[in-house]
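Me: I would like to go through this model with you, starting from the ligand site. Could you take my questions one at a time?

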Amino acid sequence: MSEHTKENKAPLLEVKNLETAFPIDGEYYNAVDDVSFTVDRGKIVGVVGESGCGKSVMSLSIMHLLPKGIGKIKGGQILLDGKDITNYNDKEMNKIRGKDISMIFQEPMTALNPVFTIGFQLEEVLFNHFKISKKEARQKSVSLLRSVGISRPDDVVQEYPHQLSGGMRQRVMIAMAIACQPQLLIADEPTTALDVTVQAQILDLLKEVQSINDMAIVLITHDLGVVAEMCDDVIVMYAGEIVEKTTVEELFENPKHPYTEKLIDSIPKMAEKQERLGSIPGIVPSLKNMPRVGCKFADRCARAMPECTTITPLLGEVKDGHEVACILYDESRPKERANA
Ligand SMILES: Nc1ncnc2c1ncn2[C@@H]1O[C@H](COP(=O)(O)OP(=O)(O)OP(=O)(O)O)[C@@H](O)[C@H]1O
């Protein structure tokens, strides 16, 4: 990447009006619907929302890793370090994946190849982007594993993924993701499959590698506790759309969208002995059952008014840097949905 060592105020990632759709019965439905946000260099941006809100589809769109021939980017733009990568082909993406932008997943076993050693897989990443000898690649792999807290790196390079614990596999994934010092890491539920103590260790590790490499991270999670712990800014997604966007402090001090309020209510509170976690009644609508007009959250919203089913709320600023899409807060205008 060109300019990242110089002072550069432009956002590292700019997603503009992104629409990603899947076909159902011959018709395309938007799983990501008119999503716009930016990620600045060195920042951690959380993307939060329940299962099915479009978090993964959005990140797979940015990486161009949507299931081939099924999901498609229907509209919008993705700019990475000022370059429009929206229409990059496989060859162009292979040049930047790993080097400029990397991704880690919830279940490292899906990304690690079970038949190759850890060393082989790490070295592949290095060979893809650097002209180095086998010996140099092995040394670099060992030092990368050490840097992500793997205690016997010389042995682990010779081991296979199934020989490692879940936490160690996630460390290996992080080592692979940062091997070429990308500017942007997308972490999709990186700790969801791990037990609580290991979760905390992996989050600490992510923070550490982020600050050492001055990387930006898009951290996808359904857990607002993780957001509070890790992120600078946060995007709340519901049914494929961004419903609230602000700094983490502001989100917790001054949540605006009724969906965000409900998500915050469902965080377990250490001080209170709760019998049950607050949960949000109902479910995220499936793509086919998405309302075409009005607020998609209306039927689950305790504060819904009759107009909520007829007026589609637009994301608008309620205060500097704090945007909400809810008619409780703005002079929303009816908008035709992109997939209406
Ligand atoms: N391959 C696919 N084909 C059809 N629909 C899909 C496909 N992948 C995702 N979807 C749909 O897109 C919507 C968004 O899904 P997505 O996986 O992005 O949600 P998510 O917020 O990441 O949830 P989770 O945390 O469970 O991964 C859902 O309605 C889902 O059913």
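Me: Which helix gives the most to the shell around the ligand?
Reply: This is a predicted model. Helix α1, residues 55-63, gives the most to the shell around the ligand, with 3 residues.

Me: How many residues surround the ligand, and which are the closest?
Reply: The ligand is surrounded by 16 residues. The closest are Ala-31, Ser-51, Lys-55, Ser-56 and Val-57.

Me: What happens just after α1?
Reply: His-64 takes a positive phi there, of about 60°.

Me: What about Asn-17 and its phi?
Reply: Phi of Asn-17 is near 50°, a positive value in a residue other than glycine. Asn-17 lies in strand β1, residues 13-24.

Me: Is Asn-17 buried or exposed?
Reply: Asn-17 is exposed, because its C-beta has 12 other C-beta atoms within 10 Å and the cut-off for exposed is 12 or fewer.

Me: And Gln-181, where is that found?
Reply: Gln-181 is in the loop between α7 and β7. Its phi is positive, about 50°, although Gln-181 is not a glycine. With 15 C-beta neighbours inside 10 Å, Gln-181 counts as partly exposed.

Me: Changing topic to the sheets. What is the strand order in the open sheet of 8 strands?
Reply: The order is β6-β7-β8-β3-β9-β10-β12-β11, and the pairing is mixed. β6 (101-104) and β11 (316-319) stand at the edges with a single partner strand each, so one side of each has no neighbour in the sheet. From one strand to the next, the twist averages 20°.

Me: How many bridges join β6 to β7?
Reply: There are 4 bridges between β6 and strand β7 (residues 184-188), and the two run parallel. Within this pair, Met-103 stands opposite Ile-186 in β7.

Me: Which way do the residues of β6 point?
Reply: Ile-101 and Met-103 point one way from β6, while Ser-102 and Ile-104 point the other way. All of these are buried.

Me: Which helix lies across β6 and β7?
Reply: That is helix α7, residues 166-178, which runs at about 170° to β6.

Me: And the open sheet of 4 strands, what is its order?
Reply: Its order is β2-β1-β4-β5, with antiparallel pairing. The edge strands are β2 (27-39) and β5 (83-84), and each pairs on one side only.

Me: How many bridges join β4 to β5?
Reply: Strand β4 (residues 72-80) is joined to β5 by 2 bridges, and the two strands run antiparallel. Leu-80 stands opposite Lys-83 in β5.

Me: Now α11: which of its residues are buried?
Reply: In helix α11, residues 258-265, the buried residues are Pro-258, Tyr-259, Thr-260 and Leu-263.

Me: What does UniProt list for residues 13-264?
Reply: An unreviewed UniProt entry lists "domain: ABC transporter" for residues 13-264. In the model, that span is 40% helix and 27% strand. Its end C-alpha atoms lie 27 Å apart.

Me: How far apart are Asn-94 and Thr-312?
Reply: Asn-94 and Thr-312 are 39 Å apart in space, C-alpha to C-alpha, and 218 residues apart in sequence.

Terms used:
Residues numbered from 1 in each chain as written. Predicted model: local features only at pLDDT ≥ 70, side-chain atom pairs only at ≥ 80, totals over all residues. Buried ≥ 20, exposed ≤ 12 C-beta atoms within 10 Å, placed from the backbone. Near = placed C-beta within 6 Å. Pairing = 2+ DSSP bridges. Axes fitted to C-alpha atoms, helices over the stretch in contact; angles between N-to-C directions. Contact = placed C-beta atoms within 7 Å. UniProt positions renumbered as here; feature names shortened; annotations may be inferred.
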